[in-house]
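Visitor: Please show me this protein. I would like to go through it by question and answer.

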Amino acid sequence: MADKSSLFQLSDNIAGLSDDSKPSGDTGLGRYFSNTTHTIFDEIVPPEKQDMLEQPSASASPRPVFDSFLTDPSNSFLENSLSDAAEQVSDHVTASDIHRDAWIPSDQTKKVLASIATSTPGSNFPDRENLTMPGLTLQGDLTDTTKEAAIHFLGEEENIHRNVLTASDVTQDERGLRNLIQTGCYRAAINLTGRLLAIYGQGYGKINHPSKHTPHSLQLWFTRLALLAKLKHVEVLENESKPFGNLDKPDMFFTFYPELYGTRPGSMACFAFRLLLAEIPAYCNKPRVALDNLHKVLSTVKQIIKNLKKGFGEDGGRLKFTPTERDDAIRLWVGRESRVLISVVNCALTLKNYILAVDILESLSEGTDWNPEQRQILKSAIGRVLLLLGDVSAAEKQFADGRESFQNPSNSKELTDRGLMAVAQNAFQEAYNCFKKASVLEPSNIMLVNNMAVCLLYNGQLQAAVHLLESALVRNPTKGLQEALLLNICTLYELHTTHSTQPKLHLLRQLNRYKGDAIAVQCLKLSL
């Protein structure tokens, strides 16, 4: 029988970032993101649990050995990722804003900012080399590929059932962008960001043209680049992200614009944007470059934590704050350090450096601030990486340690781990039973249904596997119509019959009627 990793080889998936230190009740754009794809770390720690760790991240990567069993096509995407950026638009600056926005600029940037601070407003004109000059490289709007495919394969009459928003159907502002993201119309959202960025003089053809930046314009760029990453528009993503570099140019800081922000310190770009830019080379199949970028970010974060612990401000300067405020700032930056480390884990997994991934996860799990469930999540993550490494006995020990820390043997996480252990030992019936029990506890978790179907396949029950996935789609088409699941079921159709086109067209019809414009129709494996 074919190797597990090749039989269900899924398309590479790229996701964005989840922001940190989000207050409850946040209304930032990020809360409206939902996803059909996921990151390698999502395969190890489900996204709904990552929020508990405050350190989710992403990276494009080859699929791991157990990819069929670690796939979660219902993962959240960029959950709360834009909260930080959205909050920065507020004119009211609090003490927590100062800590959240803090960053240590390079020496060259410090000199330029110091010169601006001591000059008469409007008299200092920095050289072009000290300016960030982004612009769109994508001319025109992205089209709705689901609509195009439906018309091509099903005829013009199917178009009357297509009811999705476009950039022209919503208000031309952040609220409209929020609506598009909430409804899964990511292509339309990218189109709207292009229109809004043009207002800032950063539209098509404006790369290398000076323009003024604000927290809002950078929020728009963060949204756009995250969506481009989600949709795997790698060439556009790479070209449009280049002008930002590592967000160290002077015009990325509030003090560059004293007429607008006075002496307000810090970066106008949120930390999640900084982390996304560091990771973008990994999305473009350059994980070693991303790894170097992440270590540079990590070095700065460590220095910030060191400064805070010594009683200084994040940048090493004198700053008055209460002990409680200092502790909160340290907690914020320690959480960000963990998030960068998880990004490093992603790159390590991409490079198949499982030893590095395990070492980092083990160091994280040894922290004293985790509650029992969080510790179980980390132990489970270590166990899953060890399975990728082929060390089944060591993986079992990590899973056992996680169970002992949480002391709840009936939770779905523990059952899923048992299922993965059974898969590693080719005990597919046992694995199926574990995933089925976990599915009872989490009936909306499509990943578990997918895993059950793969177990049935390896037990020689191809027809039963097809029926199981089809039933999941019938029960909840909105939830079930996810790229990973669709690719798997279409692969099963091809194994099951030589007449696989009709059931694939039925799936296309469902996509056209139930989903937005974010799904890559290539997952249906239809031949033009």
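The questions below go from the whole chain to single residues.

Guide: This is a predicted model, in which local features need pLDDT of at least 70, side-chain atom pairs count only at pLDDT 80 or more, and totals for chains, interfaces and linings use all residues. Residues are numbered from 1 along each chain as its sequence is written, and side-chain values use heavy atoms, with hydrogens and water left out.

Visitor: How many helices and how many strands does the protein have?

Guide: Helices (H or I, at least four residues) and strands (E, at least two) are DSSP runs, numbered from the N terminus. By that count, the secondary structure comes to 26 helices and zero strands.

Visitor: What share of the residues in the protein is buried?

Guide: Buried means under 20% relative accessible area, exposed over 50%, and partly exposed in between (1.4 Å probe, protein chains only). The protein has 528 residues, and the buried share is 57%.

Visitor: Among contacts between residues at least 6 apart in sequence, what share joins residues at least 24 apart?

Guide: Contact means heavy atoms within 4.5 Å. For residues at least 24 apart, the share of these contacts is 71%.

Visitor: Which residues does F244 touch?

Guide: F244 is among the residues with the most contacts inside the largest core. Leave out residues up to four places away in sequence, and F244 touches T132, P134, L218, W221, L225, M252, F273 and L277.

Visitor: Are α10 and α11 roughly parallel or roughly antiparallel?

Guide: Axes are lines fitted to C-alpha atoms, for helices over the stretch in contact, and angles run from 0 to 180 degrees between N-to-C directions. The axes of α10 (residues 186–199) and α11 (residues 215–230) come within 9 Å and cross at roughly 150 degrees. That makes α10, relative to α11, roughly antiparallel. Angles under 35 degrees count as roughly parallel, 65 to 115 as roughly perpendicular, the rest as oblique, and over 145 as roughly antiparallel.

Visitor: How do the residues of the contact of α10 with α11 divide?

Guide: Residues in α10, including Y186 and I190, meet residues in α11, including W221 and R224. Ala, Val, Leu, Ile, Met, Phe, Trp, Tyr, Cys and Pro count as nonpolar, Asp, Glu, Lys and Arg as charged, and the others, Gly among them, as polar. The contact of α10 with α11 divides into nine nonpolar, four polar and two charged.

Visitor: Is the crossing of α22 and α23 left-handed or right-handed?

Guide: α22 (residues 446–458) and α23 (residues 462–475) pack at about 165 degrees, with their axes 7 Å apart. These two helices are therefore roughly antiparallel. A crossing is left-handed if the near helix is turned anticlockwise from the far one by less than a right angle, and right-handed if clockwise. α22 passes α23 in a crossing that is left-handed.

Visitor: Where is N285, and is N285 buried or exposed?

Guide: Most residues other than glycine have a negative phi. N285 is not a glycine, yet has a positive phi of about 65 degrees. N285 lies in the loop between α14 (271–283) and α15 (287–309). At 67% relative accessibility, N285 counts as exposed.

Visitor: What is the phi of K352?

Guide: K352 is in the loop between α16 (323–350) and α17 (354–365). K352 is not a glycine, but its phi is positive, at about 60 degrees.

Visitor: Which residues is K504 in contact with?

Guide: K504 is in helix α26. K504 is buried, with a relative accessible area of 3%. Neighbours within four places in sequence aside, K504 is in contact with C490, Y493, E494, L524, K525 and L526.

Visitor: How far apart are the C-alpha atoms of Q510 and L481?

Guide: Q510 is found in helix α26 (residues 501–514). Q510 is buried, at 12% relative accessible area, and one of the residues Q510 touches is L481. Q510 and L481 are 29 residues apart along the chain, and their C-alpha atoms are separated by 8.1 Å.

Notes. Core = buried A, V, L, I, M, F, W, Y, C linked by side-chain atoms within 4.5 Å.
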